[in-house]
Structure formats: structure tokens, C-alpha cells
Amino acid sequence: MTVLTADLYDERGDELQSVPLQFQTIGGRARFSGPIRTVTCFEDNALLKSILSTPGDGAVLVIDGGGSLNSALMGDIIADLAVANGWSGAIINGAVRDRVAIGALDLGVKALGSNPRKSSKTGSGVADTVVEIAGVVFTPGRTVYCDEDGILVER
């Protein structure tokens, strides 16, 4: 992504939604964008692991973990899978673990925080549906833009 989110918003305005929630930049790539894919899962990361194990083709996986910080939805092993499969990044409405390792990867990761506790692995959740986080709608196939200033989503 060569255009910064502030400049993009100045140019496109109401064509974009700005995420008000203050996500932390955790991945080694601070600026990333791509078509949206989604997964909704609560304190369980088996479904997102299986999705990130498939070709990403530059997409960004938006993970709605309900804002839970009780356990991590992504760690270094899952982040490595995302890199190996060509994902641009992940936006996690929840926690990660292995922050230092994830920070060394060429992957955009934004999350609410971190927790060393791993999540359950039952596979519960839903993929590729419309997700709403902090009043912003993430529709699969639309584009999301991320940088140090925040997150913009196409309407």
C-alpha cells in the first residue's frame, strides 16, 4: 500500500468507514491492505487456522473474536501459516500471543492486545460472512486499508 490512510480518507471521504477502535500494530508490516475475508470465532482459533492454511492471494483476514482478551486467537505458528500462504494480514478483534515473533514476520497484524494463554480448538465459528466491529461493517470482497493511523474499510 503506497497511499496512507489519512490521505486516502481525504481523497475518498464517505466512501470509506474509519474504525474507531484503537487496534495495536503487532505484525512486522505496519502498512497493508487487501480484499476482506472474515471469520467469527470466540476464544477458539481452529477455524481461522484452517482458513490461513489456504492461499490468501493478498487478502486480509478480519477475525471477530468478540473483543475477548481471555486467550490468544493468533500466535507465531498461525502467523507463519499466513505468511507462507500469501495473506497480506489479519485484523483481530481479540488477542494474540508471541508478539515478538509475529513482529518479525512480513505480515500485517492488528489486534487489541496480547495474552500468552492459548485458545480452544473445537473449530466453532463462521467464515466469510459480514462482520461488524465497533460499528464498522466488514464485507467479504471489499477492500480494507491499514497503517499506523488506523483502519479504513470500503463501504
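This is a predicted model: local features need pLDDT of at least 70, side-chain atom pairs count only at pLDDT 80 or more; totals for chains, interfaces and linings use all residues.
Residues are numbered from 1 along each chain as its sequence is written, and side-chain values use heavy atoms, with hydrogens and water left out.

Let's begin with strand 7, residues 108-114. Strands here are DSSP runs of E with at least two residues, helices are runs of H or I with at least four, and both are numbered from the N terminus. Six of the seven residues of strand 7 are buried, so the strand is largely enclosed by the rest of the structure. Buried means under 20% relative accessible area, exposed means over 50%, and partly exposed lies in between, using a 1.4 Å probe and protein chains only.

Strand 7 pairs with strand 6 (residues 89-96) in the parallel sense, over six bridges; two strands pair if DSSP finds at least two bridges between them. Further along, Ala95 stands opposite Gly113 of strand 7. Strand 2 (residues 24-25) is joined to strand 7 by two bridges and runs antiparallel to it, with Gln24 partnered by Ala111.

Now move to strand 6. Eight of its eight residues are buried, so strand 6 is largely enclosed by the rest of the structure. Strand 4 (residues 60-64) pairs with strand 6 in the parallel sense through five bridges, and Val62 has Ile91 as its bridge partner.

Next comes Asp98, in the loop between strand 6 and helix 4 (99-103). An unreviewed UniProt entry lists Asp98 under "binding site"; such annotations may be inferred rather than shown by experiment. Asp98 is partly exposed, with a relative accessible area of 31%. Not counting residues up to four places away in sequence, Asp98 touches Gly75 and Asp76, where contact means heavy atoms within 4.5 Å.

Asp98, Gly75 and Asp76 are also among the residues that line the largest pocket. Helix 3 (residues 76-84) gives the most to that lining, with three residues. By class, the lining has three nonpolar, three polar and six charged residues; Asp, Glu, Lys and Arg count as charged, Ala, Val, Leu, Ile, Met, Phe, Trp, Tyr, Cys and Pro as nonpolar, and the others, Gly among them, as polar.

Notes. On a 1 Å grid over the protein atoms alone, a cavity is a set of points where a 1.4 Å probe fits but cannot get out, and a pocket is an open set with protein on both sides within 12 Å along at least five of seven lines; lining residues have an atom within 4 Å of a point.
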